[in-house]
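Please keep the sequence and the model in view while reading.

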Amino acid sequence: MTGATLLRRLLLPAYMDCVLYSSGRQSFGPHRPPVLHGPPFGHCCSTPLSKCCTPAVPGLVLDEVLGFEIDAVNSVQFSNHTGYAHWKGQVLNADELHEVYEGLKLNNVNKYDYVLTGYTRDKSFLAMVVDIVRELKQQNSRLVYVCDPVMGDKWEGEGSMYVPEDLLPVYKEKVVPVADIITPNQFEAELLTGRKIHSQEEALAVMDVLHSMGPDTVVITSSDLSSPRGSDYLIVLGSQRIRHPDGSVAIQRIRMDIHKVDAVFVGTGDLFAAMLLAWTHKHPNNLKVACEKTVSAMHHVLQRTIKCAKAQAGEGQKPSPALLELRMVQSKRDIENPEIVVQATVL
């Protein structure tokens with residue numbers, strides 16, 4: 001995700017040009033609704049239909065729809081997301097983040113239940129996020145920090161980073177240890193642990209290493225592991241440590257086989273992390289249900305997006321990045337109450 005988010009109140013670092021809000025929110029507590037701060041680190045763009053922030057927009061739209069108040073803070077301010085041929089804008093640093101956060105503190109509105117972070121390009125900014133999360137956890141010991149450690153991905157079997165390499169040690173040494181939920185892809189999980197994944201067993205071992213670094217919930221959001229359903233499917237793996245009142249710990253592991261979509265989307269990681277945050281809030285000890293709702297909602301959003309994009313591009317034409325902007329608003333009902341079309345297997 002492109003930023004940080006605080007929930008119930010949620011703080012969300014995001015690509016920002018606008019903050020989305022609405023009335024009639026669902027209440028999660030006796031005093032006020034959850035506040036979700038969506039990627040405090042994000043960017044915005046203008047589409048033919050509406051002015052929005054992407055890829056932070058998936059998180060902002062989604063969590064607003066699901067009943068969270070969002071405070072969004074920029075990590076970058078770009079003209080558009082980096083899936084386009086060109087983009088312009090600024091990368092924010094720690095001093096700029098600190099100044100924004102100090103404004104929240106001075107007004108005594110820095111009270112949050114969740115923090116969600118994603119895409120950022122400055123290591124000082126990332127380190128400042130950790131300082132803020134620690135301070136917020138001192139105020140609210142139940143605060144949940146959801147981190148999408150956006151660093152890179154694999155193409156045709158080869159992995160590469162698309163953020164500066166000096167962010168990796170900050171993620172490993174500072175960010176992951178304070179995170180409660182992390183959503184790396186396979187390449188990012190390998191970077192964080194220094195271990196390669198060639199099988200499901202190795203992936204489970206990598207998730208155990210990530211658990212030992214801090215987070216109770218780890219979801220590898222995509223991998224190139226082979227699926228028994230064939231090459232048209234990709235694998236999602238999840239692991240959750242559940243701590244019982246008597247001190248015992250149980251671990252739930254799940255696998256999902258997801259049909260691939262023949263298109264390149266931007267913002268799917270933001271969408272996944274934001275939805276997982278929302279559904280784990282509603283199903284805190286049931287990773288299977290939370291992931292089924294998350295992935296099924298994503299399926300509906302992506303299918304609607306590719307259908308609309310192909311129709312607008314014309315027969316035989318490849319849709320442009322502009323046409324492949326995620327159809328979030330049009331998918332409101334699927335986000336609120338997704339029909340479960342992808343089942344998770346408990347391992």
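1. The coordinates discussed here are those of a predicted model.

2. Consider the second largest pocket. Its lining comprises 18 residues, and those nearest its centre are Y114, R142, V144, T280 and P284. The space in this second largest pocket amounts to about 570 Å³.

3. Which elements supply the lining of the second largest pocket? Both β15 (233–243) and α7 (268–282) contribute at least two residues each. The most comes from β15, which gives four residues. Sorted by class, the lining holds seven charged, six polar and five nonpolar residues.

4. Two packed helices are described by the angle and the distance between their axes. For helix α2 (residues 94–106) and helix α3 (residues 123–139), the axes come within 8 Å and cross at roughly 25°. Angles under 35 degrees count as roughly parallel, and therefore α2 is roughly parallel to α3.

5. The contact of these helices can be followed residue by residue. From α2, the residues A94, L97, H98, Y101 and K105 take part, and they meet S124, F125, M128, V129, I132, E135 and L136 of α3. Eight residues of this contact are nonpolar, two are polar and two are charged.

6. Leaving aside residues up to four places away in sequence, L287 touches T217, V219, G238, S239, Q240, Q252 and I254. L287 and I254 are 33 residues apart in sequence, while their C-alpha atoms are 7.6 Å apart in space.

Definitions and conventions: Residues numbered from 1 in each chain as written. Predicted model: local features only at pLDDT ≥ 70, side-chain atom pairs only at ≥ 80, totals over all residues. Heavy atoms only, no water. Axes fitted to C-alpha atoms, helices over the stretch in contact; angles between N-to-C directions. Parallel < 35°, antiparallel > 145°, perpendicular 65-115°, else oblique. Contact = heavy atoms within 4.5 Å. Nonpolar A, V, L, I, M, F, W, Y, C, P; charged D, E, K, R; others polar. 1 Å grid on protein atoms, 1.4 Å probe; cavity = no way out; pocket = protein on both sides within 12 Å on 5 of 7 lines; lining within 4 Å. Points joined across faces, edges and corners; volume = space filled by probe spheres on them.
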